[in-house]
Amino acid sequence: MARYLSDEWLAAAHDALGPPPDAGADDRLVIEQHVDGGPDGRVVWHVVVAGDARSIESGPHPAPDVTFTQDYETAAAVARGDLSAQEAFMTGRITLSGTAGALILAAPALAAVGDALAPLRAATTY
């Protein structure tokens, strides 16, 4: 079992989603995640979606469209399904910078990311 946000977990998430979408795609969205206070300190990774293509890469992206920042407890609760990302945002546990409206347009692609990561989520320790 991979520990949430460990190098092993990020590699498994990358493998579950596949190669990054085409950099020139018109509907491309890059979401960067910053998680503070975890077992390995601060972890940064990014998700790229465009149409049916999606990927997760470890580390920062040079030009994210949206950046989420949260503590490890919040990120783990959202990942486990114990807390919705919307509730965490509304209560200030997740902060957002960038183009928030792009998230609405990318909702189906982001749901597909969640679906693709479901088997990994079931095999993750927190």
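1. Let's start with helix H2, residues 72-80. Its buried residues are Tyr-72, Thr-74, Ala-75, Ala-76, Ala-77 and Ala-79, where buried means under 20% relative accessible area, exposed over 50% and partly exposed in between (1.4 Å probe, protein chains only). Helices (H or I, at least four residues) and strands (E, at least two) are DSSP runs, numbered from the N terminus. Please keep in mind that this is a predicted model, in which local features need pLDDT of at least 70 and side-chain atom pairs count only at pLDDT 80 or more, while totals for chains, interfaces and linings use all residues. Residues are numbered from 1 along each chain as its sequence is written, and side-chain values use heavy atoms, with hydrogens and water left out.

2. What covers those buried residues of H2? The cover includes strands S2 (29-38), S5 (66-71) and S6 (94-98), together with helices H3 (85-90) and H6 (118-122). After H2 comes Gly-81, with a positive phi near 90 degrees.

3. Now the sheet, which is open and has five strands in the order S4-S3-S2-S5-S6, with mixed pairing. Strand S4 (53-58) and S6 are the edge strands, each pairing on one side only. From one strand to the next, the twist averages 20 degrees. Two strands pair if DSSP finds at least two bridges between them; S5 and S6 run antiparallel and are joined by five bridges. Within this pair, Gln-70 has Ile-94 in S6 as its bridge partner. H2 packs on the sheet, touching S2, S5 and S6, and its direction makes about 105 degrees with that of S5. Here axes are lines fitted to C-alpha atoms, for helices over the stretch in contact, and angles run from 0 to 180 degrees between N-to-C directions.

4. The largest nonpolar core has 32 residues, and Tyr-4, Leu-5, Trp-9, Leu-29, Trp-45 and Ile-56 touch the most other members. Such a core is a set of buried Ala, Val, Leu, Ile, Met, Phe, Trp, Tyr and Cys residues joined through side-chain atoms within 4.5 Å. H2 gives the most to this core, with five residues. Leaving aside neighbours within four places in sequence, Tyr-4 is in contact (heavy atoms within 4.5 Å) with residues including Trp-9, Trp-45, Tyr-72 and Tyr-126.

5. The loop between S1 and H1 deserves a look too. Leu-5 sits there, with a positive phi near 70 degrees although the residue is not a glycine. Is Leu-5 buried or exposed? Its relative accessible area is 4%, so Leu-5 is buried. Ser-6, in that loop as well, counts as buried because its relative accessibility is 7%. A polar atom of the Ser-6 side chain lies 2.7 Å from the backbone oxygen of Arg-3.

Key: Polar contact = N/O pair within 3.5 Å; in protein donor to acceptor, adjacent residues only side chain to side chain.
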